[in-house]
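Welcome! Here is a short tour for anyone meeting this protein for the first time.

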Amino acid sequence: MTDALTIHEAAETTGWSPRMLRYIERNGLIEPQRSAAGYRLFGAAELQRLRTLKELLGDYDLGLGDIGFALRLRREQSLRDAVEAWFEAKPQRPVDVPADDWLSFEQQKHSKLLAAVRSRQPQPTPETA
């Protein structure tokens, strides 16, 4: 590919930093070509995708995470189904929970969920604290 820019030239042209271009690539939003030596090469198609991505983000007040999630929804049927099921679900008290206890039941479930999430997160060490 002779008509291509390096990552630094593409960054200067597009206004994205080289780090953001790598992030965008890592999340599957663009796929720059590679040179024989493995360097990223940004041609007209990649520059157009970056420009239209920036326009999309601005026009709809989106972040890159939003677009990344939309891409996952397109690619992962099980995720798409789970999100659709969540939208369609109606809140409903479990039959074995009395109406007067529903709020405390949900609070306990949230506490357990938060504890489980915290236990999966890496714990700070003296070097990282």
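## Overall layout

Helices, of at least four residues, and strands, of at least two, are DSSP runs numbered from the N terminus. In this predicted model, the protein has six helices and two strands. Starting at the N terminus, the order of these elements is α-α-β-β-α-α-α-α.

How far does the chain spread? Its C-alpha atoms fill a box of roughly 70 × 45 × 25 Å along the principal axes. The radius of gyration is 22 Å, well over the 14 Å that the globule rule gives for 129 residues, so the protein is more spread out than a compact globule. Buried residues account for 19% of the 129 residues.

## The nonpolar core

Let us look inside next. The largest nonpolar core contains 15 residues, and Trp16, Leu21, Ile24 and Leu53 have the most contacts inside it. At least two residues of this core come from each of helices H1 (7–14), H2 (18–26), H3 (44–59) and H4 (64–75).

Setting aside neighbours within four places in sequence, Ile24 touches Trp16, Leu29, Ile30, Leu50, Leu53 and Leu64.

## Where H4 meets H5

Helix H4 packs against helix H5 (residues 77–88) at an angle of about 105 degrees, and their axes are 5 Å apart. Angles of 65 to 115 degrees count as roughly perpendicular, and H4 and H5 are therefore roughly perpendicular to each other.

On the H4 side, the contact involves Phe69, Arg72, Leu73, Arg74 and Arg75, which meet Gln77, Leu79, Arg80 and Val83 of H5. Sorted by class, this contact has four nonpolar, one polar and four charged residues.

Definitions and conventions. Residues numbered from 1 in each chain as written. Predicted model: local features only at pLDDT ≥ 70, side-chain atom pairs only at ≥ 80, totals over all residues. Heavy atoms only, no water. Core = buried A, V, L, I, M, F, W, Y, C linked by side-chain atoms within 4.5 Å. Buried < 20%, exposed > 50% of the residue type's maximum accessible area, 1.4 Å probe, protein only. Contact = heavy atoms within 4.5 Å. Axes fitted to C-alpha atoms, helices over the stretch in contact; angles between N-to-C directions. Parallel < 35°, antiparallel > 145°, perpendicular 65-115°, else oblique. Nonpolar A, V, L, I, M, F, W, Y, C, P; charged D, E, K, R; others polar. Rg over C-alpha atoms; globule rule 2.2 N^0.38 Å.
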